[in-house]
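Me: I would like to learn how to read a model like this one, starting with the overall layout and ending with single residues. Can we go through it step by step?

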Amino acid sequence: MTKREWKGVIVAREDELIKQIKNGRRECLDELISLYYPAILRYCLWHMPDRESALDATQETFLKLVRFLDKYENRGTFRSFLYRIAANTCIDFKRRQTVTEPLSETMAETICSPENGYQAVEDRQLLAAALTHLDDTARELVLLRFGQELTLREISDIAELPLRTVQTRLRRAVKRLREVME
């Protein structure tokens, strides 16, 4: 099964689950959350200063999802809707926090797993250091595109920017990252 076919299966399944949840079958919520929990946690790990904060932000994201699911209309993709909630939740958490750690320390501690080996850890630390040279918007676009593997259309929905603007800013950010990493 190709990646595109797999995404089609996921989208069809999430649409069915949302329909069931809206019809009162709350047990389908567990399956919907399990589809996205790892990806949302990974997203929050990139944005939060430590693992505990990322876990809290992930939990809050899904609590907000439950609260706002009745308002969800299938205008785009559910994934974009969920990432928008996660983005706003991380912003809210950052506003409430007073002390933050540098991004590179956070990534080394929380994202890299031991089985990836030393080179992977080093590569991630270099990337984290390079990402600090980007402004917040550019960093967010890079993380959504390459860290979360979202489509440009989904990123456009999440960032609430026109598609062409996302393309242009992402191209500039990648160019800047290349310059910094060289």
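Me: What pattern does the chain follow, read along the sequence?

Reply: Keep in mind that this is a predicted model. Read along the sequence, the pattern is α-α-α-α-α-α-α-α-α. The chain has nine helices and zero strands.

Me: How much of the chain do buried residues make up?

Reply: Of the 182 residues in the chain, 40% are buried. The chain exposes about 10,900 Å², and carbon and sulfur atoms supply 51% of that area.

Me: Which residues touch the most other members of the largest nonpolar core?

Reply: The general idea comes first. In soluble globular proteins, nonpolar side chains tend to be buried together. Here the largest nonpolar core holds 46 residues, and Ile40, Tyr43, Phe78 and Tyr83 touch the most other members. Among the elements that give two or more residues to this core are helix H1 (3–22), H2, helix H3 (51–68) and helix H4 (78–96). H2 gives the most, with 12 residues.

Me: What does tyrosine 43 touch, leaving out residues up to four places away in sequence?

Reply: Tyrosine 43 touches Tyr83, Ala86, Ala87, Cys90, Glu140, Leu144 and Gln148.

Me: Is tyrosine 36 buried or exposed?

Reply: Tyrosine 36 lies in helix H2 (residues 28–47). Its relative accessible area is 8%, so tyrosine 36 counts as buried, the cut-off being under 20%. Tyrosine 36 and leucine 82 are 46 residues apart along the chain, and their C-alpha atoms are separated by 8.7 Å.

Definitions and conventions
Residues are numbered from 1 along each chain as its sequence is written. This is a predicted model: local features need pLDDT of at least 70, side-chain atom pairs count only at pLDDT 80 or more; totals for chains, interfaces and linings use all residues. Side-chain values use heavy atoms; hydrogens and water are left out. Helices (H or I, at least four residues) and strands (E, at least two) are DSSP runs, numbered from the N terminus. Buried means under 20% relative accessible area, exposed over 50%, partly exposed in between (1.4 Å probe, protein chains only). A nonpolar core is a set of buried Ala, Val, Leu, Ile, Met, Phe, Trp, Tyr and Cys residues joined through side-chain atoms within 4.5 Å. Contact means heavy atoms within 4.5 Å. Accessible areas come from the Shrake-Rupley method with a 1.4 Å probe; for residues, only the protein chains shown count as cover.
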